[in-house]
Amino acid sequence: MKLAGVLFLLAGWMIVLSALDLLRSNTALIAFVLAGIAVESIGLILLLRSHLRLPEETR
Amino acid sequence: MIPVTVFAETPAGAICLFSLLLVPLAMAGLALIATGLGRSRSAAHAMLASLCAVAVASIVYVVCGFSWSGFAGGPAHVWLLRGKSWNWIAAQPFFLRGFVLDGSPASLAAVFGMFGAGLAAIIPLSATMDRWRLRAICASTALLAGCTYPIFAHWAWSGGWLAQLGVNYGLGQGLFDSGGAGTIQVVGGLTALSMVWILGPRRDKYSAEGMPTAIPGHSPVYVVFGCFLAWVGWLGLNSSGAILFQHILPGKVALIAVNTTLSAASAGMMALLITRIRFGRPDASITANGWVGGLVASSAATALLNPASSLIIGIIAGVLVTYTVDWFEMWLKVDDPGGAIPAHALAGIWGLLAAGVFARFPGQSSPDGQWLAQVIGVATLVGFVLPLTYSLNWLLDRVYPQRVESDGERQGMDLHELGAGAYPEFVVHSDEFIQR
């Protein structure tokens, strides 16, 4: 799940970068930047969830 | 022969230089806050770790960090994509070879970058107190100052692709981050989050049912004095950054001082008010976190804000920090004793976004697309910097375990790593706050 979280974060950023280079319309650019951030949010949630379980030695 | 007037001899340069020399006070302030919010048995370790982090960050930044971050107009690796230039990374020689520190804007930017690296390196320490080995702190700081920080610093400050979003894609004036709300604070805060995840919480912080236990800081006096020092340091940070990266006139320093102070004051008072209402008494540590959050949020574009905007930015930063400190601890099991993640990462992100909404250039309204440039900056921090710093520190942890042994944690970092306590004449209490 940690690896998936990291990959989602990077994928979201790549969507933002690609949108910047490929899209000319302002509306489409905004939509794809927001979509990239939504993908990053999924990655962040995955990373947060994967660290919710506390290691035994810390209890 | 007529001597060439160097930037540092102009009024703007002189004020910039003076402001720059105040920045180490911000590091001292953050170090004191971290120490005060930690346990007494790890106090000396916390201060020494802060000093070591600043030392390692400064050395590594000069050795190789500046090579990647560079300065605006300096040599860089640039790709041409569909007719647009993407400036990815600087191409300066290592060890500042061939680079003259003569008071030019480029040389002051190098000093600013070095101090920024030190400041960013201190931030993770307050989130990872009582469990992070000193040698691991030095190694992790080297990764931060030599890799993560300079890359983003180049993109935001040195003519990198984020700074050129305005020129290339018509997004306002490119990313605003003159005082390092993103480049210093969010980078440091996300590194703190990565380290908290990698190290795990302190022993006995959570019960078997996952309920957090309050482990209060040992010295509110250090914490509040740290806030005063940080305030002075931030006045220097915001002033020098605005002169270097936004080319403001020296007279604007008065506005910067007012805006920085208003933002910190409103955030601190908001935190105090909320804790007074929620708990019946004001909480010194959360008020201090609110104060720092206000300073951080003011850093993105303080010279381009009016005082009313700064007040609003500070109020929202104070609310954000106060509630997220609890939220991280209670629901996300993030053990961050210094509140570094809310006060630096979240307040920094808020500062960047607020700059896109509130910043105004003289004689014109907010440039079109400025808010989108700020959003892309935040997306880059979360989508690139967080995975990078997490992966680098995870790899380091595989090679050299970064968490101290459980015996060391029980004994305290001072005795375990330094061989002596910070307060040898005091009676050392057991963990009276731990619920058994």
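These notebook entries record what I looked up in a predicted model with chains A and B.

**Conventions.** I number residues from 1 along each chain as its sequence is written, and I letter chains from A and number ligands from 1 in the order in which they are written. Because the model is predicted, local features need pLDDT of at least 70 and side-chain atom pairs count only at pLDDT 80 or more, whereas totals for chains, interfaces and linings use all residues.

**Entry 1, chain A.** I found two helices and zero strands in chain A; helices (H or I, at least four residues) and strands (E, at least two) are DSSP runs, numbered from the N terminus. Of the 59 residues in chain A, 32% are buried. I call a residue buried if 20 or more other C-beta atoms lie within 10 Å of its own, exposed if 12 or fewer, and partly exposed in between, with C-beta atoms placed from the backbone. Among contacts in chain A with a separation of 6 or more, 69% join residues 24 or more positions apart; a contact requires C-beta atoms, placed from the backbone, within 7 Å.

**Entry 2, the interface.** I recorded 22 residues of chain A in contact with 27 residues of chain B. On the chain A side, α1 (2–22) and α2 (26–50) each supply at least two residues, and α1(A) gives the most, with eight. By class, that side has 14 nonpolar, four polar and four charged residues. Here Ala, Val, Leu, Ile, Met, Phe, Trp, Tyr, Cys and Pro count as nonpolar, Asp, Glu, Lys and Arg as charged, and the others, Gly among them, as polar.

I located Ala379(B) in helix α13 (residues 370–399) of chain B. Ala379(B) is buried, with 22 other C-beta atoms within 10 Å. Not counting residues up to four places away in sequence, Ala379(B) touches Gly12(A), Trp13(A), Val16(A), Val33(A), Gly36(A), Ile37(A) and Glu40(A). I also noted Ile349(B), 30 residues from Ala379(B) in sequence and 9.7 Å away in space, C-alpha to C-alpha.

I checked helix α5 (residues 134–157) and helix α7 (residues 181–199) of chain B, whose axes come within 10 Å and cross at roughly 140°. Axes are lines fitted to C-alpha atoms, for helices over the stretch in contact, and angles run from 0 to 180 degrees between N-to-C directions. The contact includes Leu144(B) and Phe152(B) of α5(B), and Val187(B) and Met195(B) of α7(B). It has eight nonpolar, five polar and no charged residues.

I found 20 of the 26 residues of α8(B) buried. Helix α8 (residues 220–245) of chain B should span 38 Å at 1.5 Å a residue, and its end C-alpha atoms are 36 Å apart, which agrees; the expected span is 1.5 Å times one less than the number of residues. After α8(B) comes His247(B), with a positive phi near 55°. The axes of α8(B) and helix α9 (residues 253–279) of chain B come within 9 Å and cross at roughly 135°, and the two helices are therefore oblique to each other. Residues meeting there include Trp231(B) and Leu235(B) in α8(B), and Ile256(B) and Ala264(B) in α9(B).

Key. Angles under 35 degrees count as roughly parallel, over 145 as roughly antiparallel, 65 to 115 as roughly perpendicular and the rest as oblique.
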